[in-house]
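Dear colleague,

Please find the structure below, together with its sequence. My notes on what was found in it follow.

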Amino acid sequence: MPKFLIQASYTPEGTKGLLEEGASGRRAAVDQVVADLGGEVEAMYFAFGEDDLVCIIDFPDAVSMAAISLRVKAGGALRTRATPLLTLAEIDEATRRQVAFRAPGM
């Protein structure tokens, strides 16, 4: 199942919600929305600095990740980045594929 690294920062409104609900409440909400689309939260950590929240999430496909990403962003409480994570075996497979590419000007 594809994995995604989620990095998020709360907006002021989102931070107010976190203060009211607590970290456990947010974890339950994330678990539910991810499970509803056939996924699973592998890890979820709160942080400070540029990102307030970091998750690793398994989804059946990229479309499921995109669906959640769009809804979360539309809600306005979080600014998020989703990065697909690839296994070593997937990169090994990619290195064996033939790609017809010519760099500009070459």
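The largest nonpolar core has 15 residues, of which V34, I57 and F59 touch the most other members. Such a core is a set of buried Ala, Val, Leu, Ile, Met, Phe, Trp, Tyr and Cys residues joined through side-chain atoms within 4.5 Å. Two or more residues come from each of β1, α1, β2 (40-46), β3 and α2, and β1 gives the largest share, 4 residues. Helices (H or I, at least four residues) and strands (E, at least two) are DSSP runs, numbered from the N terminus. In soluble globular proteins, nonpolar side chains tend to be buried together.

This is a predicted model, in which local features need pLDDT of at least 70 and side-chain atom pairs count only at pLDDT 80 or more, while totals for chains, interfaces and linings use all residues. Residues are numbered from 1 along each chain as its sequence is written, and side-chain values use heavy atoms, with hydrogens and water left out.

I57 is in contact (heavy atoms within 4.5 Å) with P2, K3, F4, I6, V34, E40, V41 and E42, leaving aside neighbours within four places in sequence.

D58 lies in strand β3 and is buried, with a relative accessible area of 11%; buried means under 20%, exposed over 50%, and partly exposed in between (1.4 Å probe, protein chains only). The side chains of D58 and K3 are joined by a polar contact of 2.8 Å. A polar contact is a pair of N or O atoms within 3.5 Å; within protein, one must be able to donate a hydrogen and the other to accept it, and residues adjacent in sequence count only if both atoms are side-chain atoms.

Q7, in strand β1 (residues 3-10), is also buried, at 19% relative accessible area. A polar contact of 3.2 Å links its side chain to that of D51.

R26 is in helix α1 and counts as partly exposed at 25% relative accessibility. Beyond residues up to four places away in sequence, R26 touches Y10, L18, E21, M44 and F46.

Finally, the largest pocket is lined by 23 residues, with V30, V33, I68, V72 and L78 nearest its centre. On a 1 Å grid over the protein atoms alone, a pocket is an open set of points where a 1.4 Å probe fits, with protein on both sides within 12 Å along at least five of seven lines; lining residues have an atom within 4 Å of a point.

With kind regards
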